[in-house]
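Here are some notes for a first look at this structure. Please read them with the model open beside you.

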Amino acid sequence: MAQGEKKRRGWEGVTYRAYLRRPSCFKVVDGSPVSGGGGGGGGGEGERRIPTPPHLVVMVNGIVGSAADWKFAAKKFVKKYPEDVIVHCSECNSATLTLDGVDMMGERLAEEVISVVSKRPWLQKISFVAHSLGGLIARYTIALLYEKGISKESSEDNGELNTNISQTQSVNQNLKGNIAGLEPMNFITFATPHLGTRSHKQIPLLGGINTLEKMAFRLSWIARKSGKHLFLKDGKDGKPPLLLQMVTDFGDLRFMSALQSFKRHVAYSNVCGDFVVGRKTSSIRRQNELPKRQNFIKDGKYPHIVYVEKPKPATNQPDDFSDAMIYQRL
């Protein structure tokens, strides 16, 4: 009880580095998922050699969530692909820290990924799997890590890591298109409000009732800076809201270039049962582009998948951040 009280008091007035835990990853040893894997060095005589999978999968929780949200899926993942992947469930943005805004959380996650990568020099590939707000955090993170080289330690046994974003190596031709110096493979989001939650029936719980949507807009401050970002209320000094900046390469951050560097992109959207994130925002579709229920099919292998849409060729249209084009005023 005393320990829990101390932890709660620690949330306030403490810098990020004070509560960043040592990153933990999941591996499979003798068929059982365990925490804290990743060592590739030889052990004592008679010890079983721990495999060193080359592919890092970073899993990111949503608002008011934690690393525990992905624990079950992570264990299943590494149990099926023990020689291929290390799964890291992000720990740096949990509980009330998820109200600090997409940009601040993206910076935390970038530092956490750098820490994980630098201690595992054998890593070659990287993927992100994110839920809800975690998808936006991951999109901001990859922009920070795009074409960034990471100095890697030969061992992860001792001390705290002194590496941060500003200390990354200079970009060179070999790093071009990489994320944290690794080859980007998959970027997958589940029920992520890519377009935000401002109006357009993006919060199904409100039933599309205009009065309720206006109320939600005005009360978005409850979710602090994250609420401002989700409701597109953060635009200032002539700049568009952050979520609109993230649909292109904006300023020094190459959001879209980083996203395009991944070989595979998947956005899962809930057809029903999701009362917080609407189908349009999670699937990045207009109302008239959503699939009709009569076109749904049941996949024999994945019964919860009812519709699959293949990617379409991108069109080179000029960026337009006008209010009329992006969102209606409330």
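Which residue forms a salt bridge with arginine 224? The points below start there. Keep in mind that this is a predicted model.

1. **Arginine 224 and aspartate 100.** The partner is aspartate 100, and the closest N and O atoms of the salt bridge are 3.0 Å apart. This pair links distant parts of the chain. Arginine 224 sits in helix α7, while aspartate 100 sits in the loop between β4 (85–89) and α4 (102–118). They are 124 residues apart. Arginine 224 is partly exposed, because its relative accessible area is 41%. Aspartate 100 has 15% relative accessibility, so this residue counts as buried.

2. **Lysine 225 and aspartate 103.** Lysine 225 forms a salt bridge with aspartate 103, and here the closest N and O atoms are 3.0 Å apart. This pair also links distant parts of the chain: lysine 225 is in helix α7 and aspartate 103 is in helix α4, 122 residues apart. Is aspartate 103 buried or exposed? Its relative accessible area is 18%, so aspartate 103 is buried. The cut-off for buried is under 20%. Lysine 225, at 35% relative accessibility, counts as partly exposed.

3. **Arginine 286 and glutamate 289.** The side chains of these two residues meet in a salt bridge at 3.3 Å, N to O. Arginine 286 is exposed, because its relative accessible area is 56%. Glutamate 289 has a relative accessible area of 37%, so glutamate 289 is partly exposed.

4. **Helices α4 and α5.** Look next at how α4 packs against helix α5 (residues 133–145). The angle is about 60 degrees, and the axes are 8 Å apart. The crossing of α4 past α5 is right-handed. On the α4 side, the contact includes Val102, Asp103, Met105, Leu109 and Val113. On the α5 side, it includes Leu133, Ile137, Tyr140 and Leu144.

5. **A nonpolar surface patch.** Ile209, Leu212, Met215, Leu219, Trp221 and Ile222 make a nonpolar surface patch of about 590 Å². Where is tryptophan 221 found? Tryptophan 221 is in the loop between α6 (210–218) and α7 (224–230). Its relative accessibility is 56%, so tryptophan 221 counts as exposed.

6. **Serine 257.** Serine 257 lies in helix α9 (residues 255–260). At 14% relative accessibility, serine 257 counts as buried. Leaving aside residues up to four places away in sequence, serine 257 touches Tyr146 and Asp249.

7. **The whole protein.** The secondary structure comes to eleven helices and nine strands. The protein has 330 residues, and buried residues make up 44% of them. Take the contacts between residues at least 6 apart in sequence: 74% of them join residues at least 24 apart. The accessible surface is about 18700 Å², and 51% of it belongs to carbon and sulfur atoms.

Key: Residues numbered from 1 in each chain as written. Predicted model: local features only at pLDDT ≥ 70, side-chain atom pairs only at ≥ 80, totals over all residues. Heavy atoms only, no water. Patch = residues over 30% accessible without salt bridge, like charges linked within 9 Å, V, L, I, M, F, W, Y side chains within 5 Å. Areas by Shrake-Rupley, 256 points an atom, 1.4 Å probe, with all protein chains shown as cover. Salt bridge = Lys/Arg side-chain N within 4 Å of Asp/Glu carboxyl O. Helix = DSSP H or I, 4+ residues; strand = E, 2+ residues; numbered from the N terminus. Buried < 20%, exposed > 50% of the residue type's maximum accessible area, 1.4 Å probe, protein only. Axes fitted to C-alpha atoms, helices over the stretch in contact; angles between N-to-C directions. Left-handed = near helix turned anticlockwise from the far one by under 90°. Contact = heavy atoms within 4.5 Å.
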